[in-house]
Amino acid sequence: DLFRNTGTIASTTRAIHLTGSVSDFQIDGGLLSSNAQAINMAGVSKIGNFTITNGGSIRGNINLANTSNIGTMIISGANTSGTATQITGNISLNGSSRISKILIDGSNSGGSGNGTPKLQGNITLNTSNGITNGITIANGGTLDGNINAQSSSSIGGIAINNGSLSGNITMDGTSAIANGITITNGGTYAGTIHTKNQSDIDSITIASGGVVGSSNANSTILSSGNSTIHNIDIQNGGTMYGNIEAHWIDRANAVDNKDGNIGNVSIAGRLQGDIVLQTKVFMNSLTMSDNGTITGNIRIGAIGDSSQTPTLSTITLNGNSGINAITLGGAAARATINSITLNNNSSIGTITNNSNATIVNLTLNDTSTITNGITNEANGNIGTIVSNTNDGVSNIITNSGTIGSLEVNNQGTIVYKSDNGIITDTLS
């Protein structure tokens, strides 16, 4: 069955209440308006293809309940005067309702104006529902609202491909984004990505001119509770303004004594901000390559007590990559980095290992440098420092704590300054 609106349907309550099936639902330049629910779907109701185009508009909310479902929802184009296609209200999924895919596509936004298709409201998944094949914002399309996934809901990916998303992405309960979040080809994201409780995002990729945040307004990627962000990649000209963080936060529902988990972070682009790990959190690895840059600091355990063990397992710098500074500890938390390795012409501005903090292994290779030196403060611990740098490369160590062993190989130079510090094993 076909439903096509080219005129105006208006109501003060529900403009359309659907309990049956419609194979093809079209708002073709028309207006569907309600002060409350523009579309309410209940029971086993179904819409096959849902298309809003040619400057069409839905003013009001779209609500799915029970086991109702929509196939592909497409918001696209503008009319010949340039009036943009848009939904001004929210899209809410309740019960076990589903949408196969949401596509906001500006590729057919012709006309004399500058209108591009837009969803102004929020997308909210409340229970065990899902957007199976994900959300795509492309070719100048925009989503101004937030994306909220709760309980055991799922989203099959969020792709911002030369489109823009201004709102926040918040994951709670055991909700998941299975195919990750990608910001590519000039796409922009301006909000905060926050995983709570036991929620899960398998990857966040910023690449090919994709930008998160801006020089005037930073964004944040945050894992809290026992949630996990498995991979974060800033690659191929991708840029992020703001911080990548894992730490305790109020009402994030910490589970199993965890306050946040981040897997592998890979940067061949630019992070204009910090990596911050506080309280009972774990991050698996940070890999820098191909002129990748962190302009801010890596801060681990700057706050907290001795029961807290924020840990970053490995840091590896390759190519001409660089980090402004790394700081461990600063309070009573037992901050740890298991391994730091610098290769090629990579560099770190400063490394400061404060009281109660630990660096297990630190290795310098090729022409890599710690520009302003390594400082191991009183009660700080460094297991092994190995210098394999080339002739003419000099690095400075100032030690007020404990270093297990210091090895200088090849032809590089270590300038060692002791301020009541000790080397417990070998100096070779």
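**Close-up views of a predicted chain**

Phe3, Phe25 and Phe50 form one aromatic cluster. This is a predicted model, in which local features need pLDDT of at least 70 and side-chain atom pairs count only at pLDDT 80 or more, while totals for chains, interfaces and linings use all residues. Residues are numbered from 1 along each chain as its sequence is written, and side-chain values use heavy atoms, with hydrogens and water left out.

**View 1. The aromatic pairs of the structure.** A search of the whole structure finds two aromatic pairs (rings of Phe, Tyr and Trp, the last by its six-membered ring, with centres within 6.5 Å; stacked means planes under 30 degrees apart, edge-to-face over 60, and tilted the rest). Phe3 and Phe25 are stacked, at 4.7 Å centre to centre and with 20 degrees between the planes. This pair links strand S1 (residues 2–5) to strand S4 (residues 21–28), with the two residues 22 apart (strands are DSSP runs of E of at least two residues, numbered from the N terminus).

View 2. Phe25 counts as buried because its relative accessibility is 2% (buried means under 20% relative accessible area, exposed over 50%, partly exposed in between, with a 1.4 Å probe and protein chains only). The ring centres of Phe25 and Phe50 lie 4.8 Å apart with planes at 20 degrees, so this pair is also stacked. Phe50, in strand S6 (residues 46–53), is buried at 0%, whereas Phe3 is partly exposed at 25%.

**View 3. The surroundings of Thr228.** Thr228 belongs to strand S30 (residues 228–235) and is buried, at 19% relative accessibility. Beyond its neighbours within four places in sequence, Thr228 is in contact with residues including Thr195, Asp200 and Asn261 (contact means heavy atoms within 4.5 Å).

Terms used: Helices (H or I, at least four residues) and strands (E, at least two) are DSSP runs, numbered from the N terminus.
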